[in-house]
Number of protein chains: 2
Amino acid sequence: MKNVTMADVAEHAKTSKSTVSQYLNKRYEYMSENTRKRIEAAIEELNYHPNSVARSLKQKATYTVGVIVANILHSFSTHIIRTLETEFNKQGFHTIICNADDDPEKERNYIEMLLAKQVDGLIIFPTGENLDLYEQMKDRDFPIVFMDRKVDAQAIDTIMLDNHKAAELAVDRLTAGNYRKISIITTSVIRNISPRIERIEGYRQALQKYSLPVREDYIKTADAEHLQDVLRELFEMDAPPEAILAANDIVLVEVLKYIKEKNLSIPDDVAVIGIDEVPFAAFFTPPITVVEQPKIEMANLAAELLLKKINGQKEGGSPTVHRMQPNLIDRHSC
Amino acid sequence: MKNVTMADVAEHAKTSKSTVSQYLNKRYEYMSENTRKRIEAAIEELNYHPNSVARSLKQKATYTVGVIVANILHSFSTHIIRTLETEFNKQGFHTIICNADDDPEKERNYIEMLLAKQVDGLIIFPTGENLDLYEQMKDRDFPIVFMDRKVDAQAIDTIMLDNHKAAELAVDRLTAGNYRKISIITTSVIRNISPRIERIEGYRQALQKYSLPVREDYIKTADAEHLQDVLRELFEMDAPPEAILAANDIVLVEVLKYIKEKNLSIPDDVAVIGIDEVPFAAFFTPPITVVEQPKIEMANLAAELLLKKINGQKEGGSPTVHRMQPNLIDRHSC
DNA sequence: TTTGTTTGGTAAACCGATTTAGTAAAGTAT
DNA sequence: ATACTTTACTAAATCGGTTTACCAAACAAA
């Protein structure tokens, strides 16, 4: 069955393609009532649906944005995606979601594919390795917003948690509970992923604020698959930590797994605090205290900034890192 | 800065668009080594990237598939999405993910938008309300696979859990633990969403298998927001249930919230079993017994079926409902 | 020498919209 | 009656690729 095109509609309605196009774009001033009705009828009768690929080619706009998350397994990413999608959809934009799996090569492929597909803008949780690509896009003034992580070499609008503050909030809470031997665990820090670095920095500074010693062997980083090993090391130390700051939700899950397995009790044997809210924190036994990111605001701001760029509004100032404030949800794990 | 097109490359390489196109499609037999090198150099020098919108228009293929999930909040959906995206990406396809939020109107819009965008195929978790659209696509032989839910009126390939079996497995486990007053709770059943209906049916049949009475007041359905009310009702009954079968992950979360709030103990005060695996089940206190869906297999099968249709392979038989087998993960909540 | 084949290439149509420039006919102003 | 507007419409160019049909030159075969 042949596809119905605008030419078919025009023929059927005894008018020209141009007029049908005007009709579709609701510029009714350019035609008589009679013509309009004939077009309406023809569209109905032929069950015509415009081809937006053709439209995009001519208009040089696809009304589609790309989102490349570094790792879709973080519940933070999932929530951001959901809000972004809803927001873009409201504004008539489609969203293509890609998962770079923390692999710079995959990220490169996705960026190239999305650009070839002529997306109108990009939101990226950058791996930080594809500087040349970031640079190119910036030079072209291609609409782009970074999320969650900053890339030092690039002056690109970026939305990030105030990670120093987040770690500080956690340490504040822990010291208030009289824990002094505090460990921080985060996922791998090769490639200097900025939020992880910053959370460790924030932790160090907060300890210093309380004149607590910073013990390097309390600072642990590892891939998700090796976190159990790291935890074992930690608890086999002469002076194991009294409290653990899980620097993201993946770490928190591994920490709780380990604790369950070793039959330790929270907070008596170890106190636990996490950065990133997770769905089970509220009804866990005990409920887990957590520092949450303002996900909705972050996603909304990202969408807003990107749409502004797409609509060609010259940005007020130069590219900024927008720092969002974390929030402590105090429960009973410390 | 003007965009670089194939014409620019041709000019720069002193050849024709046709030859450049052949080059891009790796049909090197049609040109001399010398020409090939010149094209290569020109592409490099101009930093040319082909426009896939133009290509799609001519080829009538976008190498993009759409996925419309009914509700992205189910962890099941998230996992399916992840696997689908990975799988399609392997095969050179992009994935556009949309969330219908269980709203048939949103679903309709998404289907229409994705078709206008000329996606090559569609995977839908159908709301079940847009029969006319489903029908149209089927009539056109448009590649489409249903996931998780079936639509009775439509003969469209569908991938579903064996929901009767899933509920039966849960009841088996509960009766083995000597629980006899078993309640099932599921999210709203208006619009006859098939997996929910089937799980309730499976529950009834399983009770009958054990000659246990089927009490209608133990069968509860409600929107996520009203589940707490439903739980209150349930536990304020004269004979409250000894065990709860949470028919999906959203219900499970609400059940555990309620239990925590009321300070009930699992499994002594109430036993709990869920359908759908969740990340915290393994290290919850107590670890939650759960019937899991073979998500990976389901997503892989869906991708495989869809790609076959897209590649025009005539399907062996008529459209089928593919029933996948659930699996009990026995832990300590019953 | 003539014919056939291979090699290396190009011009132009095409995909299905949008948009610009132009025009015929009718209406209005002077 | 003439000039100017407005109304209603269309032809054709365009977006950036792909593909088909065709061709000239070089070479081989008869």
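**Entry 1. A proline in a loop**

I looked up Pro286(A) and found it in the loop between strand S9 (271-275) and strand S10 (289-292) of chain A. The bond from Thr285(A) to Pro286(A) is a cis peptide bond, and omega is near -5°.

I note the ground rules: this is a predicted model, local features need pLDDT of at least 70, side-chain atom pairs count only at pLDDT 80 or more, and totals for chains, interfaces and linings use all residues. Residues are numbered from 1 along each chain as its sequence is written, while chains are lettered from A and ligands numbered from 1 in the order in which they are written.

In chain B I looked at Ile266(B) and Pro267(B), which are joined by a cis peptide bond with omega about 0°. Pro267(B) sits in the loop between helix H11 (249-261) and strand S9 (271-275) of chain B.

Most residues other than glycine have a negative phi, and most peptide bonds are trans. Asp102(A) has a positive phi, near 60°, and belongs to the loop between S2 and H6 of chain A. Gln118(B) also has a phi near 60°; its place is the loop between helix H6 (104-116) and S3 of chain B.

I checked burial too. A residue is buried if 20 or more other C-beta atoms (placed from the backbone) lie within 10 Å of its own, exposed if 12 or fewer, and partly exposed in between. Asp102(A) is partly exposed because it has 18 C-beta neighbours inside 10 Å. Gln118(B) is partly exposed, with 18 other C-beta atoms within 10 Å.

**Entry 2. Chain A as a whole**

I counted twelve helices and twelve strands in chain A. Its C-alpha atoms fill a box of roughly 90 × 40 × 35 Å along the principal axes. Of the 334 residues in chain A, 43% are buried.

An unreviewed UniProt entry annotates residues 4-59 of chain A as "domain: HTH lacI-type". UniProt positions are given in the numbering used here, feature names are shortened, and annotations may be inferred rather than shown by experiment. I find this span to be 66% helix and 0% strand, with its end C-alpha atoms 21 Å apart.

**Entry 3. Where the two chains meet**

How many residues of chain A are in contact with chain B? I find 33 residues of chain A in contact with 33 residues of chain B. Two residues are in contact if their C-beta atoms, placed from the backbone, lie within 7 Å. H4(A) gives the most to the side of chain A that touches chain B, with five residues. By class, that side has 17 nonpolar, ten polar and six charged residues. Ala, Val, Leu, Ile, Met, Phe, Trp, Tyr, Cys and Pro count as nonpolar, Asp, Glu, Lys and Arg as charged, and the others, Gly among them, as polar.

I then laid chain A on chain B: a turn of 180° and a shift of 0.0 Å along the axis give an RMSD of 0.1 Å. That is the relation of a two-fold axis. The superposition is by least squares on the C-alpha atoms of residues with pLDDT of at least 70 in both copies. In chain A, Ile96(A) has the C-alpha nearest the axis, 2.4 Å from it. Both copies use the same surface, as 100% of the contact residues of chain A recur in chain B.

**Entry 4. Around the DNA**

Which residues come nearest to DNA strand C? Of the 27 residues around DNA strand C, they are Met6(A), Ser21(A), Ala54(A), Ser16(B) and Ser18(B). A residue counts as near a strand if its C-beta atom, placed from the backbone, lies within 6 Å of it. The surface near DNA strand C has eight nonpolar, 14 polar and five charged residues.

H2 and H4 of chain A together with H2 and H4 of chain B give two or more residues to the surface near DNA strand D.

Terms used: Helices (H or I, at least four residues) and strands (E, at least two) are DSSP runs, numbered from the N terminus.
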